[in-house]
Amino acid sequence: MSTPMVIADKVGKRFGHTEILKEVDLTVRRGEVTCLLGPSGSGKSTFLRCVNHLERIDSGRLRVGGELVGYRQEGTVLHELNEKDIARQRSRIGMVFQRFNLFPHFTALQNITEAPRRVLNESKEEADDRARELLTRVGLSGREHHYPAQLSGGQQQRVAIARALAMRPELMLFDEPTSALDPELVGEVLSVMRDLADTGMTMIVVTHEMGFAGEVADQIAFLDGGRVIEHGSPDAVLGNPSHERTRAFLSKVL
Ligand code: ADP
Ligand code: MG
């Protein structure tokens, strides 16, 4: 058995005096898709941001690829990593947000090649070739010279996915990637995500798309008030939830 990609062990996070995450336990195995469900404000985005070390956890342990996120342990003492090591950890993780956050003054191709060229020191030719390959993979060959404003929301989100993949991540985090899209554009983005899952990418997906969660997830975790109150197979969590809060949530979104 290989080490799991993500292990959250009683992860806690506060903002001021408010506990946002409370002893969150979650294991994400390599090659698996975990969907995180839960009402607004339950801590889903905060958890993803902790995995990517955009937020620092206050208690518990969080490991990605076997390494503590943001720390190195010597004996029983934790030492905070320096910026360079944090950047190295982060570069293994791709993140896709609700808002695509593309650079408006860059073409699709330039959006995708910017980080590989700057961070991975790829040559222009290498980065361009790979970006074209990725654009094809997300169904956007021929759009390489389009600017974000010339693309639909669904197309922009697919460029954002290609941009994340260009960094060759081991883990992809999606935070409500289809929530800002017009309904008719949701399917094309979910279809790209499904293909990505089929290639064996490890993914954590925060979503309200229950069809996607039911079909693609290996595991579903349901967050409520900063706690994982239920987790298991899609059949178990969606089909036969044991918690009243999960049932109430599902009855609203299904
Ligand atoms: P979700 O993604 O499930 O909707 P979030 O993780 O965004 O939930 O937020 C969980 C809670 O943490 C919310 O009550 C939110 O207001 C609070 N919160 C999120 N970010 C911050 C912050 N930077 N400072 C203070 N409170 C925050
Ligand atoms: Mg959120």
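1. Thr 178 is buried, its relative accessible area being 5%, where buried means under 20% relative accessible area, exposed over 50% and partly exposed in between (1.4 Å probe, protein chains only). This is a predicted model, in which local features need pLDDT of at least 70 and side-chain atom pairs count only at pLDDT 80 or more, while totals for chains, interfaces and linings use all residues. Residues are numbered from 1 along each chain as its sequence is written, ligands are numbered from 1 in the order in which they are written, and side-chain values use heavy atoms, without hydrogens or water.

2. Thr 178 sits in the loop between β9 (171-175) and α6 (183-198); helices (H or I, at least four residues) and strands (E, at least two) are DSSP runs, numbered from the N terminus. Apart from neighbours within four places in sequence, Thr 178 is in contact with Val 186, Val 189, Leu 190 and Glu 209, contact meaning heavy atoms within 4.5 Å.

3. Turning to ligand 1, the residues that surround it include Phe 15, Ile 20, Pro 39 and Lys 44, a residue being counted if one of its heavy atoms lies within 4 Å. Helix α1 (residues 44-51) supplies the largest share of this shell, three residues.

4. Oxygen atoms of ligand 1 lie 2.7 Å from a backbone N or O atom of Gly 41 and 2.8 Å from a side-chain N or O atom of Ser 45. The protein covers 55% of the 560 Å² of accessible area that ligand 1 has on its own, by the Shrake-Rupley method with a 1.4 Å probe.

Key. A polar contact is a pair of N or O atoms within 3.5 Å; within protein, one must be able to donate a hydrogen and the other to accept it, and residues adjacent in sequence count only if both atoms are side-chain atoms.
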